[in-house]
Amino acid sequence: MSATVELLICVKCRKGTEPPADERRPGQRLFDEIAAREIPEGITVSAVECLQNCDAGCTVAMRGDGRWTYVYGGIDEDSQAGMLLEGTALYRAAPDGLIPWRSRPEHFKRNCVARIPPPTPSPSQHKGGSE
């Protein structure tokens, strides 16, 4: 099976508004909803402070060794926790993190904020590189 992947959830996401001081932000509510569920094997879930997509709804990132990293926004904290976990499981099953277009959850097709390639090997790891 594939290596472990990370689902990073921005707990500071505020959906373009500032909630009252005594209310959890939407991103924190999404994290709490995910954390209360059974997490599929091979997925770790972590809270992060800010993914700099504050006005576009809840934002998450998926990353793993040798994989493309994806950042998705506009996630509804009340209704899309299941979709997010299913999508993360599909991401884990794809060796390079590239989920085939037709297999992606509809939300992933329309709400990708960024797609970041895996790190490039250092020059000494390239063929013909000097050491």
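Guide: Gladly. This is a predicted model. Let us start at the hairpin of S3 and S4, where 5 residues lie between the strands and Gly66 takes a positive phi near 70°.

Visitor: What makes S3 and S4 a pair of strands?

Guide: Pairing calls for at least two bridges. S3 and S4 are joined by 4 bridges, so they count as paired, and they run antiparallel. Within this pairing, Cys58 stands opposite Ile75 in S4.

Visitor: Which way does S4 run relative to strand S5?

Guide: S4 and S5 (residues 112–116) run antiparallel, with 4 bridges joining them. Here Tyr70 stands opposite Arg115 in S5.

Visitor: Why is S4 described as largely enclosed?

Guide: Because 6 of its 7 residues are buried, S4 is largely enclosed by the rest of the structure.

Visitor: Which residues touch the most other members of the largest nonpolar core?

Guide: That core has 27 residues, and Leu7, Leu30, Val60 and Leu84 touch the most other members. Two or more residues each come from strand S1 (5–10), helix H1 (26–35), strand S2 (43–48), strand S3 (58–63), strand S4 (69–75) and helix H2 (81–93). In soluble globular proteins, nonpolar side chains tend to be buried together.

Visitor: What is Leu30 in contact with, beyond its neighbours in sequence?

Guide: Leaving aside residues within four places in sequence, Leu30 is in contact with Ile9, Cys58, Val60, Ile75, Asp76, Glu77, Ala81 and Leu84.

Visitor: How do you know that the buried residues of H1 are on the same side?

Guide: The buried residues in H1 are Pro26, Gly27, Leu30, Phe31 and Ile34. They cover an arc of only 140° around the axis, which puts them on the same side of H1. What covers them includes S1, S2, S3, S4 and H2.

Visitor: Why is Glu33 called partly exposed?

Guide: Glu33 is also found in helix H1. Its relative accessibility is 32%. Glu33 and Gly82 are 49 residues apart in sequence, and 9.4 Å separates them in space, C-alpha to C-alpha.

Visitor: What makes Gln80 buried?

Guide: Gln80 is found in the loop between S4 and H2. Its relative accessible area is 17%. Buried means under 20%, so Gln80 is buried. Gln80 touches Gly74, Ile75 and His107, not counting residues up to four places away in sequence.

Visitor: What makes the link between the side chains of Gln80 and His107 a polar contact?

Guide: The link is 3.4 Å. The cut-off for such a pair of N or O atoms is within 3.5 Å, so this one counts as a polar contact.

Visitor: Are Cys10 and Cys13 buried or exposed?

Guide: Cys10 is buried, with a relative accessible area of 2%. Cys13 counts as buried at 2% relative accessibility. The cut-off for buried is under 20%, so both labels follow.

Key:
Residues are numbered from 1 along each chain as its sequence is written. This is a predicted model: local features need pLDDT of at least 70, side-chain atom pairs count only at pLDDT 80 or more; totals for chains, interfaces and linings use all residues. Side-chain values use heavy atoms; hydrogens and water are left out. A nonpolar core is a set of buried Ala, Val, Leu, Ile, Met, Phe, Trp, Tyr and Cys residues joined through side-chain atoms within 4.5 Å. Buried means under 20% relative accessible area, exposed over 50%, partly exposed in between (1.4 Å probe, protein chains only). Contact means heavy atoms within 4.5 Å. The arc is that of the directions from the helix axis to the C-beta atoms. A polar contact is a pair of N or O atoms within 3.5 Å; within protein, one must be able to donate a hydrogen and the other to accept it, and residues adjacent in sequence count only if both atoms are side-chain atoms.
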